[in-house]
Amino acid sequence: MSFRSRISPSRREFLGNLALAGMASTLPASPLFDAPASAATLSPAAAVKNRVPLAPSAFYPLPLGSIHPAGWLKSQLQIQTSGLSGHLDETWSDVGSNSGWLGGSGESWERGPYFLDGLLPLAYLLGDTRLKTKAQKYIDWTLSHQSPSGMIGPSSNDDWWPRIVMLKVLTQYQEATGDPRVVPLMDKYFRHQFAELPSRPLRDWGKFRWQDNLLSVLWLYNRTGSPYLLDLARLLHRQGYDWMAQYANFQYTQRITSEFLKLNNEANGLKDLALSTHGVNNGQAIKTGPVWSLVSGSPADRSAVLKMITELDKYHGLPNGMFSCDEHLAGLDPSQGSELCTVVEYMFSLEQSLAIVGDPALGDRLEKLAFNALPGTLTDDMWAHQYNQEPNQVECSLHHKPWTTDGPESNLYGLEPNFGCCTANFHQGWPKFAASLFFVSGAQDTDSRDGLVAAVYAPCELRTTLRGTAVRVVEETSYPFRGTVRLTVNPASPLSFPLQFRIPAWATGTTISINGHPEPRPTAGSFAQVERTWRAGDRIELVFPMAPRVSRWFHDSVAIERGPLVFSYGIGESWVKLRDRGMTADWQVFPSTAWNYALEIDPTAPEKSIEVTEAEIGPEPFARSHVPVRLSVKARKLDKWRAEDGVANPIPQSPVVSDRPEETISLIPYAAAKLRITAFPQCKS
Ligand SMILES: [Zn+2]
């Protein structure tokens, strides 16, 4: 099916997929939109594979709308809907009714598209009519205001960068709705860009984020096959920044200082040195090798993603899975921060890279970011966020340390601390993760071997079609808080296909059983595959052992992990409102207890020194008030480890000696502790 009938859904199908009774009034008056929706048209779309001569991907994303969140994940998305994501346009004028992306004279650059890049998938994952109607206003304005030249977006600027974001929005929207206006608009836009780039080349953000432009070009090529799109892809590659060269010989191995950034003075535009060491740019760049490898066919390009992550981990890696970027690469000290935009862009890069490369380590990292760094930098109700989060975050207050170039508000929880990019951009984190739980596997030129891939784990229901047969998979799990994942496979009629499961690298001893019968033990850090004729009601149970583990960080400090969760000591928190901000507020958080603990732990057998206590998942899955899992460890206070200006001093080199009495302290999921110690000194044994 991979090359057949990918576009031109009928108007009936389009309206059926919208499934929006109230939408009719927002759609343009056109004979295209006069047919009533029909339940018969709601059969899920199949995945679209790479069209030759593009190289094959290991897996293919499913169209938005195939995966329906359930359980705690659905609760999390509903919290997001009730929080800032569902109301941002009502309280923040940058994406409000005067937005340039609605034809107004207000903000006309990246903020409108950023907001939609999360609002749109959130709306369609939940089937939320209110959010769909909100998103549709911006979509309709964009679709109905293309200039005769092919340009899209506000006429007040012609920057390629914000359009790169809006194109990502339009591809998701087309997949969810089949709106027949999207493909022609994108084709006209890319023809314009192809003609214009030689005289008006990529610059600034667009030059450093060209791989996201490429992603939408290849999305369209897979649907139309127009040869000029491959020439446009090569032109973007030629004009874009060479990220693969940067990481083939990585030079930025130290904390980037403002003095270093001043070395590079260019007369025109933003400075390349600043942009190439910028956290968000690097987060977006992680997908460059895999996406470009679809055009180049080069295995070295494809595996460049692993090299990039290795270099970032080695010189800037933090125990929450992030690299430091506050807002340039900032070294290994766990008191340095990571910008929220980088968290969600790194996640999106991993989702794209995991599909193309098929390396399970990319899924491991994606889960680490999704279950730790993402919720850890947002309040539990998702009404406030930080610009920078720190693994060792002992105070959130107005201070200049330890940031290099960011301002004193950078780790407050609020509406737009430091700068409003994250306010507009954070919305994509959870929805795109939810949309990436399953992929399709199979050959590029035939669907006869197509199968399904459980890529990352959270409760959901998958509805898709394999070789014309509707298949429904129900995933029931409390992962990442528990290690058991139960899947029920329901094909409309018995169907033979391979089903793959990602076995995380930490999950040695995983068991798989089918209808109660054990399968051969899978290898940790692999995709396990079961191929059989599946019948409705077939049950699969995966059990991932969740023994606590110790990982080693800056100055030989230790962090405790269990499954995909990272654990932190939750410092007592005193929340002090700094000011009201429309429907939300800005908050400082001050420590109300000591935090300077060193752990008494045997890293060779951590399970012997760590006690695990489990509880039910609460209504806010990552909230401190209902922690689903808690670890008890022995610790001693370390008097010489202090804070200055609201920041923990560099963590003392381990092992350390303390003559303070031994205490038992409780570690909770990283995200539950908004003030926290995550990397601990280790006591000398
Ligand atoms: Zn940001």
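Which residue takes a positive phi just after helix 6? Gly178 does, with a phi of about 70°. The structure is a predicted model, and the mean pLDDT of its chain is 93.

**Zinc site**

- Four protein residues donate to the zinc ion: Glu339 through OE, and Cys341, Cys421 and Cys422 through SG.
- These donors lie 2.0 to 2.3 Å from the zinc ion.
- The arrangement is tetrahedral because the angles subtended by the four donor atoms run from 96 to 122°, and four donors count as tetrahedral if all angles lie between 85 and 135 degrees.
- Along the chain, the spacing of the zinc donors is E-x1-C-x79-C-C.
- Glu339 belongs to strand 3 (residues 338-339) and Cys422 to helix 19 (residues 421-425), so this pair ties together parts of the chain that are 83 residues apart in sequence.
- Glu339 and Cys422 are both buried.

**Helix 6**

- Helix 6 spans residues 160-177, which gives it 18 residues.
- From its first C-alpha to its last, helix 6 reaches 26 Å, close to the 26 Å expected at 1.5 Å a residue.
- Most of helix 6 is covered, with 17 of its 18 residues buried.
- Just after the helix comes Gly178, the residue with the positive phi.

**Helix 15**

- Helix 15 (residues 288-296) is largely enclosed by the rest of the structure, because eight of its nine residues are buried.
- The buried residues are Thr288, Gly289, Pro290, Val291, Trp292, Ser293, Leu294 and Val295.
- Packing against these buried residues are helix 9 (210-224), helix 10 (228-239), helix 11 (243-248), helix 14 (279-285), helix 16 (299-316) and helix 17.
- Gly297 follows helix 15 and has a positive phi, near 70°.

**Ser353, in helix 17**

- Ser353 is part of helix 17 (residues 340-357).
- Its relative accessibility is 1%, so Ser353 counts as buried; the cut-off for buried is under 20%.
- Beyond its neighbours within four places in sequence, Ser353 contacts Ile286, Lys287, Pro290, Val305, Gly358 and Leu362.
- Ser353 and Ala605 are 252 residues apart along the chain, and their C-alpha atoms are separated by 34 Å.

**Gly321, in a loop**

- Gly321 is placed in the loop between helix 16 and strand 3.
- With a relative accessibility of 2%, Gly321 counts as buried.
- Apart from residues up to four places away in sequence, Gly321 touches Tyr346, Arg365, Lys368 and Leu369.
- From C-alpha to C-alpha, Gly321 and Gln352 are 17 Å apart in space, while 31 residues separate them in sequence.

**Arg111, in helix 4**

- Arg111 is found in helix 4 (residues 111-126).
- Its relative accessible area is 10%, and Arg111 is therefore buried.
- The side chains of Arg111 and Asp94 are joined by a polar contact of 2.5 Å.
- Setting aside neighbours within four places in sequence, the contacts of Arg111 include Trp92, Asp94, Val95 and Glu416.
- Arg111 is also in contact with Phe419, Gly420, Cys421 and Ala424; Cys421 is one of the zinc donors.

**Asn596, between two strands**

- Asn596 lies in the loop that runs between strand 19 (584-591) and strand 20 (597-600).
- The relative accessible area of Asn596 is 9%, so this residue is buried.
- Its side chain reaches the backbone oxygen of Trp641 at 3.4 Å.
- Not counting residues up to four places away in sequence, Asn596 touches Arg636, Lys637, Leu638, Asp639 and Trp641.

**Confidence of the prediction**

- Across the chain, 92% of the residues reach a pLDDT of 70 or more.
- Over residues 1-13 the pLDDT stays under 50, and the model has 28 contacts for them beyond four places in sequence.
- Residues 15-43 also have a pLDDT below 50, and this stretch has 42 contacts in the model beyond near neighbours in sequence.
- Where pLDDT is low, predicted coordinates should not be read in detail.

Note on methods:
Residues are numbered from 1 along each chain as its sequence is written. This is a predicted model: local features need pLDDT of at least 70, side-chain atom pairs count only at pLDDT 80 or more; totals for chains, interfaces and linings use all residues. Side-chain values use heavy atoms; hydrogens and water are left out. Donors are N, O and S atoms within 2.8 Å of the metal (3.2 Å for Na, K and Ca); water is not among the atoms, so sites may look incomplete. Four donors count as tetrahedral if all angles lie between 85 and 135 degrees; four count as square planar and six as octahedral if opposite donors are over 155 degrees apart and all others between 65 and 115; anything else is irregular. Helices (H or I, at least four residues) and strands (E, at least two) are DSSP runs, numbered from the N terminus. Buried means under 20% relative accessible area, exposed over 50%, partly exposed in between (1.4 Å probe, protein chains only). The expected span of a helix is 1.5 Å times one less than its number of residues. Contact means heavy atoms within 4.5 Å. pLDDT is the predictor's confidence in each residue, from 0 to 100. A polar contact is a pair of N or O atoms within 3.5 Å; within protein, one must be able to donate a hydrogen and the other to accept it, and residues adjacent in sequence count only if both atoms are side-chain atoms.
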